[in-house]
Amino acid sequence: KFKRFWDAWKLYLNVIYLFIYLFIFIGGVCIAQSLKIPREPKPGEFDKIIQRLMETSNARGVIMFANEDDIRSVLDAAKKNNQTGHFLWVGSDSWGSKIAPVFQQEKVAEGAVTILPKRASIDGFDRFFRSRTLANNRRNVWFAEFWEENFGCKLGSHGKRVGNLKKCTGLEKIGRDSSYEQEGKVQFVIDAVYSMAHALHNMHKEHCPGYVGLCARMSNIDGKELLHNIRSVNFNGSAGTPVIFNENGDAPGRYDIFQYQSTNRSTTEYKIIGHWTDQLHLNMNEMHWTTGDSSIPASVCSVPCKPGERKKTVKGVPCCWHCERCEGYHYQVDEFSCELCPYDQRPNENRTTCQPIPIIKLEWHSPWAVVPVFISMLGIIGTTFVIVTFVKYNDTPIVRASGRELSYVLLTGIFLCYAITFLMIAAPDTAVCSFRRIFLGLGMCFSYAALLTKTNRIHRIFEQGKKSVTAPKFISPASQLVITFSLISFQLLGVLIWFAVDPPHIIVDYGEQRTPDPQNARGVLKCDISDLSLICSLGYSILLMVTCTVYAIKTRGVPETFNEAKPIGFTMYTTCIIWLAFIPIFFGTAQSAERMYIQTTTLTISMSLSASVSLGMLYLPKVYIIIFHPEQNVQKRKRSFKAVVTAATMSSKLTQKGNDRPNGEVKTELCESLETNSKYNAFEALYTASVLLKLPLKIDSCLLHEIYYYVMVIYVK
């Protein structure tokens, strides 16, 4: 018995698998999940089934091959999990139009579509079965049990039913004392029996013609031969329909299609909505859904992916997939793959194709440009005013004392430092890139070459005096200009080498503003000047600046009235602070999306500020005196050259006297009235006079305070 049951169960499973195969490969229907109901389900098993079904919640259609109890349990689990109205149930003929599976589950089962083989009621069977009693149907061993169940009574002490039930009288009548409805499969059982009978009859006619009973030929019937004869029968069945089989042994499919619907009287019932006879005949107007909408509800494993999303299919289930958005700079090539856009392109908004990345540059109206341009314009105006003033008052003492030749070189460098702002902001092209390379470091080179030459001259004059009375070489204005332009020539030589090795050109940098969000990505149009090239271009000027600062420190003790030594020192200290602040800001923003704006603005403002410091500290006081206090722009206590020589001669005599005294001490009315600073100033004034006049200097400086002014007059000349 167990073997027979197992064979039947395997046959049932094979039918299910065949159904799945036909659905997928022939019917074009995709099965998202295939779940098995255990033969002996544990508590909560059907809840797990519903939860598994909800993993593919968009696949709402559920086809059930199950018995009545399992169908009812599945419906009950859906109800407990608050999924009433979610699933679209499709039941096999085991559900059919039965009331038992949907009893007290009407709401959750509403809309279910079921099938039932097309059948007819056999009147002869009804008359026969209604006439059956305990007396005339003893050969059926299950009839007594059916009798007790049908009439709700008990057949004596040997009855199968337990409890306090009335005793069966045996006079009960089927259909009168109990409800009766012919089982729908009676027709098919009758036709099946007749099919076997027709097959055996045909075999008998073939193998035992004219013989009554089985002949020797039919004693050993081959099962395959019998099956062949069964499949070959052709007769009208009990319902008047033809009984035939195809080459696979299947009878023609004839089914009624039902839908479990709610009526206007708030009751539910099965209603025929179509049938299958060789093909589907379905009346869509007769179908009702819980939503009240006449359109057919959708049941898909996965909804179609949105534009820009690719399908990642679930292994073994071609109709189920996960939608994955094409991230970053990828775009959707087809429904299953994404690819990276070319480097100069980005995906469009729906990521279905690539489009060119917009190209930007620093615009004149940008706040990053307005501020540097404003500062530069003020600086250019101020520098031009200073140059015009110096040219107009070119022969006045203050202008002459400033070193006119180097002053004009320095002012030219200041002007170029301001002007470079306009080249850095201008739209890049080959010409602009060329001028950027030339003038980027040239303005600073002009400025700091002139200042270095000045501070070096002062330092050499005072250092030479410690060794001899001979005047240092190359301190004339012409020599100073030669030194200055020699220093500038190294900058120009470096630029020429740069032009030869790497000719200027423009590039579009797509990496500078390649943001995580492609919609914010931009290509930056700029000159092909790397950070290393920029450092090399400015490096020489920074070297001059540092060297000039060193000389400014060395000459910090020079008197305030001596050739701008201290203003130059303050200028260099401030400039160093500006450029020390520039370096971390410029290179610290190398990874910023605003790199182009920040670095350009930082560079131009730093150059403008360094130029402003030089302009303000070195020339603003002079211009103020020239314009507002012209009375101070004169030579003070002008003495003749002869007077200076006389003073120098007197100092020589005083020195001789000092040598005649013990320890070289000399006490005069002049020395006693001098303070320490005055002594120092007098020494330096005397030394300058000795250098310019080529006089020997071997006396204490405190004795010559009176001739300080004479020396200044000679130095200015």
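One term before we click on anything: a residue is called buried when its relative accessible area is under 20%, exposed when over 50%, and partly exposed in between (1.4 Å probe, protein chains only). You're looking at a predicted model, where local features need pLDDT of at least 70, side-chain atom pairs count only at pLDDT 80 or more, and totals for chains, interfaces and linings use all residues. Residues are numbered from 1 along each chain as its sequence is written, and side-chain values use heavy atoms, with hydrogens and water left out.

**The whole chain**

Start with the cartoon view. The chain has 22 helices and 19 strands; these are DSSP runs numbered from the N terminus, with helices being H or I of at least four residues and strands being E of at least two. Of the 717 residues, 39% are buried. Now count contacts, meaning heavy atoms within 4.5 Å: of those with a separation of 6 or more, 62% are between residues 24 or more positions apart.

**Disulfides**

Next, show the cysteines. A disulfide is a covalent bond between the sulfur atoms of two cysteines, and here a pair counts when the sulfur atoms are within 2.5 Å. How many disulfides does the structure hold? There are 7, and we'll visit some of them.

**Stop one: Cys-153 and Cys-168**

Select this pair and you'll find a disulfide with an S to S distance of 1.8 Å. Cys-153 sits in strand 4 (residues 153-154) and Cys-168 in the loop between strand 5 (166-167) and helix 7 (186-207), so the bond ties together parts 15 residues apart in sequence. The S-S torsion is about 95°, so this disulfide is right-handed. Cys-153 is buried at 0% relative accessible area, and Cys-168 is buried at 9%.

**Stop two: Cys-301 and Cys-320**

Here the sulfur atoms of the disulfide are 1.7 Å apart. Look for Cys-301 in the loop between strand 10 (280-282) and strand 11 (309-314), and for Cys-320 in strand 12 (residues 317-325). Buried or exposed, what is Cys-301? Cys-301 is buried, with a relative accessible area of 11%, and Cys-320 is buried too, at 4%.

**Stop three: Cys-433 and Cys-527**

Now jump to a pair 94 residues apart: Cys-433 in helix 12 (residues 430-439) and Cys-527 in strand 19 (residues 522-527). Their sulfur atoms are 2.0 Å apart. Why is this disulfide left-handed? Because the torsion about its S-S bond is about -90°. Both Cys-433 and Cys-527 are buried.

**Last clicks**

Finish with Cys-445, buried at 0% relative accessibility, and then Cys-536, exposed at 56%.
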